[in-house]
Amino acid sequence: VGCKAILVFFQYGVMANFYWLLVEGLYLHILLVLIFSPNRHFTIYLLIGWGIPTIFIITWTVTRIILEDTGCWDTNEHGGPWWVIRIPILISIIVNFILFISIIRILLQKLRSPDVGGNDQSQYKRLAKSTLLLIPLFGVHYTVFALFPDRSSNNYKIIFELCLGSFQGLIVAVLYCFLNSEV
């Protein structure tokens, strides 16, 4: 029971990570597109970041108990319970990728506006810096292996996620904090 509880908590943490990345993307997109008071939507962000994963993890736990209650739940003989977790994560990745593309489009429009001074090279440097910041912030690197089956790409996926995922916080800290003169 303890092993199963730890695995449920682990899966909840993984899913909550993806949904908090989605909240970051939604928040940034709304800041760029609409003018609003961020305090009004804090409860909605909490519900997205913690609530949606809770619903799907409870559903996953029930389906594991009914369909595949063997061992410590670390194997997936039946695909059904696994897709209860996988589909919401894939949806959050796809929505975040769409938000990422939309924000890049907005940044390009802002850089091309006549109000923005400077030469083209400095504008492209700012765009590159903004894009590099957004990739780990939105978790865009997860889109590379999101739709591949785990069995076919597992070795490459592990190497890719270890290299990019482990440096995600460092990249955000360097680009957003250390290289930002306002911080």
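Here is a quick tour of a few links and contacts in this structure. Keep in mind that this is a predicted model. A search of the whole structure turns up one salt bridge, and the structure also holds one disulfide. Beyond those two links, we'll look at how helix 2 and helix 3 cross, and then at Gly51, which sits in helix 2.

**The disulfide**

- Cys3 and Cys72 are the two partners here, with their sulfur atoms 1.5 Å apart.
- As background, a disulfide is a covalent bond between the sulfur atoms of two cysteines.
- This one ties together distant parts of the chain: Cys3 belongs to helix 1, while Cys72 lies in the loop between helix 2 and helix 3, 69 residues apart.
- The angle about the S-S bond is -95°, and the link of Cys3 and Cys72 is left-handed.
- Are the two cysteines buried or exposed? Cys3 counts as partly exposed, at 42% relative accessibility, whereas Cys72 has a relative accessible area of 16% and is buried, because the cut-off for buried is under 20%.

**The salt bridge**

- Lys4 and Asp69 meet through their side chains, with 2.6 Å from N to O.
- This pair links distant parts of the chain too: Lys4 is in helix 1 (residues 2–33), and Asp69 is in the loop between helix 2 and helix 3 (79–112), 65 residues apart.
- Asp69 has a relative accessible area of 41%, so it goes down as partly exposed.

**Helix 2 against helix 3**

- The axes of helix 2 and helix 3 come within 8 Å of each other, crossing at roughly 165°.
- Why do helix 2 and helix 3 count as roughly antiparallel? Their axes cross at roughly 165°, and angles over 145 degrees count as roughly antiparallel, so that is the label for this pair.
- The handedness of the crossing between helix 2 and helix 3 is right-handed.
- On the helix 2 side, the contact is made by Phe56, Ile57, Thr59, Trp60, Thr63, Arg64 and Leu67.
- Helix 3 brings Pro81, Trp82, Val84, Ile85 and Pro88 to the contact.

**A look at Gly51**

- You'll find Gly51 in helix 2, which covers residues 42–67.
- Gly51 has a relative accessible area of 21%; buried means under 20%, so Gly51 counts as partly exposed.
- Gly51 and Ala16 are 35 residues apart along the chain, and their C-alpha atoms are separated by 8.7 Å.

Methods. Residues are numbered from 1 along each chain as its sequence is written. This is a predicted model: local features need pLDDT of at least 70, side-chain atom pairs count only at pLDDT 80 or more; totals for chains, interfaces and linings use all residues. Side-chain values use heavy atoms; hydrogens and water are left out. Helices (H or I, at least four residues) and strands (E, at least two) are DSSP runs, numbered from the N terminus. Buried means under 20% relative accessible area, exposed over 50%, partly exposed in between (1.4 Å probe, protein chains only). A salt bridge is a side-chain nitrogen of Lys or Arg within 4 Å of a carboxyl oxygen of Asp or Glu. A disulfide is a pair of cysteine sulfur atoms within 2.5 Å. Axes are lines fitted to C-alpha atoms, for helices over the stretch in contact, and angles run from 0 to 180 degrees between N-to-C directions. Angles under 35 degrees count as roughly parallel, over 145 as roughly antiparallel, 65 to 115 as roughly perpendicular and the rest as oblique. A crossing is left-handed if the near helix is turned anticlockwise from the far one by less than a right angle, and right-handed if clockwise. Contact means heavy atoms within 4.5 Å.
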